[in-house]
Amino acid sequence: VLQSVQQQLTAATRKDNGQPDIWNNLGLLHLNASKWEGAKTILTPIHKIFPEYYDAVTNLALSYFGAMDFETATKLYQDVLLSDRQHLEALSNYGVLFLRQRLFPYAVSIFEDALEVNPRSAYVWNNLGVSYRFLNRLQDAHDSFAKAAKLETTDEVRHIILVNQASALVGLSRFDEAEVIYEQILEATERRSAHALIGLARLRARRQEELLQSDGKTDATDALAAQAL
């Protein structure tokens, strides 16, 4: 299918090679197939000829991002956002770039900007939650994941977001709430969700660990009380 679509787009460029949308779509095909070099080859001329075609520049940045050239990707995203601060895809991808580099405070700032553009983006809410989780802002992470789960329309993706939400709850020691979410995912997937199964196992291990620590503290308190007597 990919090859067939590519042939159709290539044929269209022969009829009218001055249409950047056609070249941009051809570049997207390469991006979707993780063919970063091919995407760069197609999208770089668009950037030079149509520098204000920000969708194509954003896609070019993504091709450098995919090829692990973070410096060039950063420059391209900044070029777009300096001219169009409302470009949602550039903001979203720029945030992910910070996330990938473990620059979590910067990622949070960019994702918050993206949500001002579109507060109903489940993708951005989820990535904001991931950023918060790495900063150990677990309540904020939980709240972001909860919003993402409500907005996401694809079951498979929503289940992944719910796993993230449950993980944040485990971090907050809210084990019962987390277990309910894991069980709901497993019921919906006929207990085939590896993420939920692993998460549930970790939850039970964490709960047991906290119980043992609590018992240890109780024993120590009892011993001190006995000594006092």
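This report describes the overall make-up of a predicted protein model and its largest pocket.

Because the model is predicted, local features need pLDDT of at least 70 and side-chain atom pairs count only at pLDDT 80 or more, while totals for chains, interfaces and linings use all residues. Residues are numbered from 1 along each chain as its sequence is written, and side-chain values use heavy atoms, with hydrogens and water left out.

The protein has twelve helices and zero strands; helices (H or I, at least four residues) and strands (E, at least two) are DSSP runs, numbered from the N terminus. Of its 229 residues, 41% count as buried, meaning under 20% relative accessible area with a 1.4 Å probe and protein chains only. Among contacts (heavy atoms within 4.5 Å) with a separation of 6 or more, 42% join residues 24 or more positions apart.

A pocket is an open set of points on a 1 Å grid over the protein atoms alone, where a 1.4 Å probe fits, with protein on both sides within 12 Å along at least five of seven lines; lining residues have an atom within 4 Å of a point. Of its 13 lining residues, Ser167, Tyr182, Ile198, Gly199 and Arg202 are the closest to the centre.

Definitions and conventions:
Points joined across faces, edges and corners; volume = space filled by probe spheres on them. Buried < 20%, exposed > 50% of the residue type's maximum accessible area, 1.4 Å probe, protein only.
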